[in-house]
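Let us walk through this structure together, step by step. Please keep the sequence and the 3D view open as you read.

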Amino acid sequence: ESEIYFLQEFDLLSCKKNREWMVNDSYKFAIDRTETLIALWGENDITTIDTINDKVYNRFIEGTVFDLKWLPLSNEIAVVQSNDTGGSKIKLMTLQLEDIKEIEVPNCASSLEISSDGGTGMISPTYCKFDPVSVIDLKKRSFVKNLPGFGPVAFAPDGKYAVAFARKTDLENAAGIKTETLFSMLFIDLEDYSYEV
């Protein structure tokens with residue numbers, strides 16, 4: 001009960017500690033693209049640190065945090081959690097951990113993958129029966145559609161397409177596509193979310 005936790009910054013050339021911040025007992029962290037903003041999280045708590053202004057923000061939130069990512073187009077974070085109906089929600093928050101918007105996604109909570117331009121997000125789990133590839137428009141902050149596939153999902157470095165996987169039965173039942181193999185690769189065009197198998 002008396003333990004205190006710190007996030008510490010070290011200079012790897014001199015092996016000296018530059019500075020530290022007192023944080024909650026968090027075990028995962030994410031750094032934004034500018035490498036000046038840090039988010040740490042545990043099951044129900046989030047800490048964000050603005051290293052330029054040396055500010056620390058803490059918040060306890062209801063529901064388990066499954067994943068957290070910095071949004072490349074803003075200084076906001078996207079928190080992925082399960083919702084009450086067996087799907088998931090993405091809670092958008094400011095650096096100061098104030099709520100902006102919540103996006104409901106009809107899929108199990110999983111890692112949020114973000115395209116290189118920051119405009120598209122995808123959730124595609126690997127551990128549950130309901131596991132399509134969920135497409136989220138991060139510019140409009142809205143759920144777009146589910147594609148008949150499963151994770152993991154990854155974006156091409158050029159940002160033009162994403163890759164996921166698909167089962168024979170899912171392709172036939174959801175899209176009318178027949179294939180001889182049990183599992184296929186899904187190549188998803190990020191302009192219109194059409195896909196090739």
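Two strands are said to pair if DSSP finds at least two bridges between them. Helices (H or I, at least four residues) and strands (E, at least two) are themselves DSSP runs, numbered from the N terminus. What you see is a predicted model, in which local features need pLDDT of at least 70 and side-chain atom pairs count only at pLDDT 80 or more, while totals for chains, interfaces and linings use all residues. Residues are numbered from 1 along each chain as its sequence is written, and side-chain values use heavy atoms, with hydrogens and water left out.

Let us begin with the whole. The protein has one helix and 18 strands, and its C-alpha trace spans about 60 × 40 × 30 Å along the principal axes. Of its 197 residues, 45% count as buried (buried is under 20% relative accessible area, exposed is over 50%, and partly exposed lies in between, with a 1.4 Å probe and protein chains only).

Now go to the start of the chain. Strand β1 is joined by seven bridges to strand β2 (residues 16-23), and the two run antiparallel. Look for L7, whose bridge partner in β2 is W21. Four residues lie between the strands of this hairpin, where C15 takes a positive phi near 65 degrees. In the segment before β1 (5-11) you will find I4, which is exposed, with a relative accessible area of 53%. Together with F6 and M22, I4 forms a nonpolar patch on the surface. For such a patch, residues need over 30% relative accessible area and no salt bridge; nonpolar side chains (Val, Leu, Ile, Met, Phe, Trp, Tyr) are joined within 5 Å, and like charges within 9 Å.

Further along, a hairpin joins β7 to β8 through six residues. Five bridges link β7 (residues 65-70) and β8 (residues 77-82), which run antiparallel, and K69 stands opposite A78 in β8.

The structure holds seven of them. In one, the side chains of R141 and E76 meet at 2.9 Å, N to O. This pair links distant parts of the chain: E76 sits in the loop between β7 and β8, and R141 in the loop between β13 (133-137) and β14, 65 residues apart. E76 is buried, at 13% relative accessible area, whereas R141 counts as partly exposed at 25%.

Three bridges join β15 to β16 (residues 161-167), and F150 stands opposite F165 in β16.

D131 lies in the loop between β12 (120-123) and β13, and counts as buried at 4% relative accessibility. R167 also meets D170 in a salt bridge of 3.0 Å, N to O. Shared partners join D131, R167 and D170 into one network.

How values were computed:
Accessible areas come from the Shrake-Rupley method with a 1.4 Å probe; for residues, only the protein chains shown count as cover. A salt bridge is a side-chain nitrogen of Lys or Arg within 4 Å of a carboxyl oxygen of Asp or Glu.
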